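Keep the picture open while you read.

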Amino acid sequence: MFQYDEKVLKDQLLELIRLAATDLPRDVVESIQAAEQNEDEGSAARSVFGMILKNIELARVESTPICQDTGTNIYMVYIPEGIGMRKLTALIHKATSEAVDKSYLRPNAVDSITGKNSGNNIGEGQPFIHFEEWDNDYIEFKLMLKGGGCENVSTQYKLPDVGLGAGRDMDGVYKVIVDAVNKAQGLGCAPGILGIGVGGDRTTSHLTAKSQLFRKMTDTNPNTELASMESRLLADLNELGVGPMGFGGKTTILGVKMGTMHRLPASFFVSISYMCWAYRRHSMILNSNGEVTYD
Ligand code: SF4
């Protein structure tokens, strides 16, 4: 039977939140460093990347938030059979509230009717926690903080889109993705990372798109058709010249990650989850001895 000490796990979750808020993952930092080197000496783009990298390093060293916008706290939690979800949810809530007290997170949960801020980042659907049971004998918590600015330029298309000449096929998918990035024009704190959901219904399409953002920058899509489309989109989108924060340059997008779901014959949705350069995600594995490892 898998057991854990609640107080210890709450503290371990608090550390996961601190890491996510203050320490950008290595694969993301390396991708931003490579983008900086790719820009021309003396260009606005290179200088923007320099500032971004300085910000990232300062936040890591001083353990302060990388961005003032805490964003939506999105958890994917993978559990062995028999683990109670309500207890884990309560511990995530406790850790979240403490993270606000310690200023790792800004209180960001606002009642949609009254406009009142809950003050501790807890509210209806906040944080967003998605559970899945698996066959492994350990628990994995994946956490992503997704900013409001980049969420505002995330979008969903319904194919066919006559205005864009986008039909119900992968060529149509390609066209709407290019349109979305073109429309964003650096808003949402470019360079962005795209999580794409192709198919599903309106909800699952968006969820597929967001789930893609938990992948590593350097991984390769196991589906060869999607892998080649990800590479093609990355190359083509960087020809748009929007650049970091919209200042122009060779890097508009740092990565494209695509996933698909089966769809109804009558519907063809393409969801685009746009993530900003403050691509804050970390994970934690808790084994049955109570030991944790962070990534
Ligand atoms: S979009 Fe990202 S970088 Fe921009 S303000 Fe929001 S969290 Fe910060």
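Both faces of strand E5 are covered by buried residues: Gly192, Leu194, Ile196 and Val198 lie on one side, while Ile193, Gly195 and Gly197 lie on the other. Here, buried means that 20 or more other C-beta atoms, placed from the backbone, lie within 10 Å of a residue's own. Strands (E, at least two residues) and helices (H or I, at least four) are DSSP runs, numbered from the N terminus. In a regular strand the side chains alternate between the two faces of the sheet. Seven of the seven residues of E5 (residues 192-198) are buried, so the strand is largely enclosed by the rest of the structure.

This is a predicted model, in which local features need pLDDT of at least 70 and side-chain atom pairs count only at pLDDT 80 or more, while totals for chains, interfaces and linings use all residues. Residues are numbered from 1 along each chain as its sequence is written.

Which strands pair with E5? Strand E7 (residues 269-275) pairs with E5 in the antiparallel sense, over six bridges, with isoleucine 193 opposite methionine 275. Pairing requires that DSSP finds at least two bridges between two strands.

Now turn to helix H4. In H4, the buried residues are Leu88, Leu91, Ile92, Ala95, Thr96, Ala99 and Val100. They pack against helix H1 (6-22), strand E1 (72-79) and strand E2 (128-133), where contact means C-beta atoms, placed from the backbone, within 7 Å. After H4 comes serine 103, whose phi is positive, near 65 degrees.

Conventions
Buried ≥ 20, exposed ≤ 12 C-beta atoms within 10 Å, placed from the backbone. Contact = placed C-beta atoms within 7 Å.
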